[in-house]
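Notebook open, model loaded. I wanted to go through the salt bridges, the domain contact and the ligand site in turn.

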Amino acid sequence: MTTPVWHPYAHLKTQTPAPKVIGGDGAHFVLEGGERVLDATCSWWCMIHGYGHPRLVAAIREQAGELCHVMLGGLTHEPADQLARELVRITPAGLNHVFYSDSGSVGMEVAMKMALQYQVLTGHPGKQKMLSLMKAYHGDTTGCMAVCDPEEGMHSLFASLLPQHHFAPAPTAPFDATVEQVEHDLNALRDVLERHHHEIAALLMEPLLQAAGGLNMTSPAYLTGARALCDEFGVLLIFDEVATGFGRTGKLFAADHAGVTPDIMVLSKGLTGGYLGHAATLANDRVHDAFIGDSPQHAFMHGPTFMGNPLACRVALESLRVFEEDDYLGKIGQLNRVLRCELIDNEQLSAHSQVADVRVLGATAVIEAHSAEALAGVGEFARERGVWLRPIGRWLYTMPAYITSEAEMVQITDVMKGWFNRT
Ligand SMILES: *Cc1c(COP(=O)(O)O)cnc(C)c1O
């Protein structure tokens with residue numbers, strides 16, 4: 001049956017009808033007709049507790065009985081206040097202020113506006129551009145498209161609509177790189193900063209893991225070096241932890257691997273455990289305090305209708321409690337061991353003629369193929385084996401829910417390997 005729903009990133013001519021999901025529990029969602037599918041992507045990386053988690057569902061029900069929504073303009077409520085305090089507690093030391101919005105893209109727009117206005121308010125009105133990295137993905141809104149990889153970033157069609165920013169090469173040193181290997185990447189960053197720092201408000205990056213741009217992983221030393229360069233050149237550092245936040249790289253935040261505090265940090269996907277759309281842009285005192293002043297220019301002119309939505313804040317609080325009480329970092333460590341054992345310690349896989357690279361970080365694994373064509377049909381192949389995989393370009397990846405069992409994790413990696421070993 002045809003539907004008026006227009007699906008994302010879909011070729012309308014060749015798309016097959018989307019299967020209808022009627023529910024789910026744990027790492028599986030359930031289709032009309034009863035087919036249970038193990039979700040290897042936890043719904044674009046946000047359903048970190050899996051589906052139908054009783055505590056998250058109960059939190060939403062309870063909050064719905066009290067207050068579903070109220071504007072945050074001039075008003076507040078307990079879930080917004082409490083979640084902000086919790087986010088300040090768990091994020092890197094110094095991020096003391098929380099600005100809510102409704103999605104990762106908008107959270108990044110907020111971060112960029114904040115950085116630019118900070119520079120104006122502190123006497124650097126010439127700093128109007130961003131410095132981003134190749135392979136970056138920061139969202140699909142106009143401001144965000146302009147800081148995505150301009151060549152491979154899906155948005156080249158809109159180039160004439162977008163403001164021009166600066167780009168540095170994507171980091172090439174792997175997670176466990178030596179300081180010398182990282183030096184090469186940092187020199188490339190320094191080079192752009194030396195030439196253009198007078199017009200750059202902020203350097204923004206997905207720390208350690210450039211996700212949608214090709215699951216490119218790098219070293220914590222790159223973050224430390226980037227922090228130092230930003231300080232040297234009077235440029236703010238923005239971490240887009242929309243994908244990496246809440247455990248994906250093996251620590252609560254990617255920044256924690258390096259002990260680095262950015263000036264601004266954006267959280268979304270895992271924030272509510274995926275149960276409602278929401279985002280938070282955190283800022284340190286230096287950024288926040290620059291907005292304390294008498295002129296009209298000192299107000300931050302942004303305010304999404306649904307910012308601080310009580311249902312979203314309440315379920316985010318419950319998500320955090322479950323994360324800590326059920327030792328999710330321990331679970332992520334266990335998933336990481338399975339992923340490494342099944343994919344990295346597998347010579348047959350890395351030697352396969354269609355495989356360019358295999359990488360694992362935290363609860364993330366990717367088999368990079370030489371071409372997207374090498375992955376044509378992998379979604380159907382996986383579905384026939386009870387698994388939901390949806391590659392991005394030439395990257396076949398898994399970012400499972402953290403409640404995924406060891407046996408389920410192996411089922412996923414078996415399907416990923418099976419695709420390359422099929423006859
Ligand atoms: C998904 C994502 C975004 C955009 O978030 P939306 O909620 O889809 O707008 C931004 N940055 C990163 C790193 C992401 O992975």
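**Salt bridges.** I started with the rule: a salt bridge here is a side-chain nitrogen of Lys or Arg within 4 Å of a carboxyl oxygen of Asp or Glu. I then looked up glutamate 152 and arginine 394, whose side chains meet in a salt bridge at 3.8 Å, N to O. I kept in mind that this is a predicted model, where local features need pLDDT of at least 70, side-chain atom pairs count only at pLDDT 80 or more, and totals for chains, interfaces and linings use all residues. I also noted that residues are numbered from 1 along each chain as its sequence is written, and that side-chain values use heavy atoms, with hydrogens and water left out.

How many salt bridges does the rule give? I got a count of 22. I picked out arginine 36 with aspartate 25, where the closest N and O atoms are 3.0 Å apart. That pair links distant parts of the chain, with arginine 36 in strand 3 (residues 36-39) and aspartate 25 in strand 1 (residues 21-25), 11 residues apart. Strands (E, at least two residues) and helices (H or I, at least four) are DSSP runs, numbered from the N terminus.

I looked up the division next: domain 1 is 57-324 and domain 2 is 328-421, with bounds from an automatic or database domain assignment. Their C-alpha centres lie 28 Å apart. I found 20 residues from domain 1 and 17 residues from domain 2 in the contact, which is defined by heavy atoms within 4.5 Å.

The area buried between them is about 1,600 Å², and carbon and sulfur atoms give 66% of that. Buried area is the accessible area (1.4 Å probe) that two parts lose on being put together, summed over both. Which residues of domain 1 lose the most area to domain 2? I wrote down Leu215, Met217 and Arg248, together 44% of what that side buries.

Between the two domains I counted 1 salt bridge.

**Ligand.** I then checked ligand oxygen atoms: one is 2.9 Å from a polar backbone atom of glycine 104. For serine 105, a polar side-chain atom lies 2.6 Å from an oxygen atom of the ligand. Lysine 269 also has a polar side-chain atom 2.6 Å from an oxygen atom of the ligand.

Note on methods:
A polar contact is a pair of N or O atoms within 3.5 Å; within protein, one must be able to donate a hydrogen and the other to accept it, and residues adjacent in sequence count only if both atoms are side-chain atoms.
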